[in-house]
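Open the structure in a viewer and keep the residue selection tool at hand. The stops below say what to select and what is there.

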Amino acid sequence: MALDARLEELSEKHRALDRKIEEELSRPTADDLKIAEWKRQKLRLKDEIERLRHQLSH
């Protein structure tokens with residue numbers, strides 16, 4: 001069950017980063033460096049989510 005909770009926590013962080021990116025992109029003077037860092041964070045989260053899902057399925 002702990003894996004399920006961790007998976008949900010990571011998924012929420014991933015969604016939050018999505019919202020932050022969309023919000024920043026809607027600004028006329030979007031900060032490309034922030035966006036790039038958030039996208040890297042999203043990729044790390046996605047990798048971790050996939051790793052956990054793989055653990056759950058085995």
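A polar contact is a pair of N or O atoms within 3.5 Å, where, within protein, one atom must be able to donate a hydrogen and the other to accept it. Keep in mind throughout that the model is predicted.

**Stop 1: the start of H2.** Select Asp 31 and Leu 33. At the start of H2, a side-chain oxygen of Asp 31 comes to within 3.0 Å of the backbone nitrogen of Leu 33.

**Stop 2: the length of H2.** Now select residues 32-57, which form helix H2. From its first C-alpha to its last, H2 reaches 37 Å, close to the 38 Å expected at 1.5 Å a residue, and it has 26 residues. Colour Ile 35, Trp 38, Lys 42, Leu 45, Ile 49 and Leu 52, which are buried in H2.

**Stop 3: the core.** Which residues make up the largest nonpolar core? Select Leu 7, Leu 10, Leu 17, Ile 21, Ile 35, Trp 38, Leu 45, Ile 49 and Leu 52, the nine residues of this core. The elements giving two or more residues to the core are helix H1 (2-26) and helix H2 (32-57). H2 supplies the largest share of the core, five residues. In soluble globular proteins, nonpolar side chains tend to be buried together.

**Stop 4: Leu 7.** Select Leu 7 and show what it touches. Not counting residues up to four places away in sequence, Leu 7 touches Ile 49, Leu 52, Arg 53 and Leu 56.

**Stop 5: Leu 45.** Move to Leu 45, in helix H2. Leu 45 counts as buried because its relative accessibility is 13%, and the cut-off for buried is under 20%. With neighbours within four places in sequence left aside, Leu 45 is in contact with Leu 10, Lys 13, His 14 and Leu 17.

**Stop 6: Glu 24.** Is Glu 24 buried or exposed? Select Glu 24 in helix H1. At 6% relative accessibility, Glu 24 counts as buried. Leaving aside neighbours within four places in sequence, its contacts are Thr 29, Ala 30, Asp 31, Lys 34, Ile 35 and Trp 38.

**Stop 7: Arg 44.** Finish at Arg 44, also placed in helix H2. Arg 44 counts as partly exposed, because its relative accessibility is 49%. Draw a line from Arg 44 to Leu 3: C-alpha to C-alpha, they are 17 Å apart in space, and 41 residues apart in sequence.

Note on methods:
Residues are numbered from 1 along each chain as its sequence is written. This is a predicted model: local features need pLDDT of at least 70, side-chain atom pairs count only at pLDDT 80 or more; totals for chains, interfaces and linings use all residues. Side-chain values use heavy atoms; hydrogens and water are left out. A nonpolar core is a set of buried Ala, Val, Leu, Ile, Met, Phe, Trp, Tyr and Cys residues joined through side-chain atoms within 4.5 Å. Buried means under 20% relative accessible area, exposed over 50%, partly exposed in between (1.4 Å probe, protein chains only). Helices (H or I, at least four residues) and strands (E, at least two) are DSSP runs, numbered from the N terminus. Contact means heavy atoms within 4.5 Å. The expected span of a helix is 1.5 Å times one less than its number of residues.
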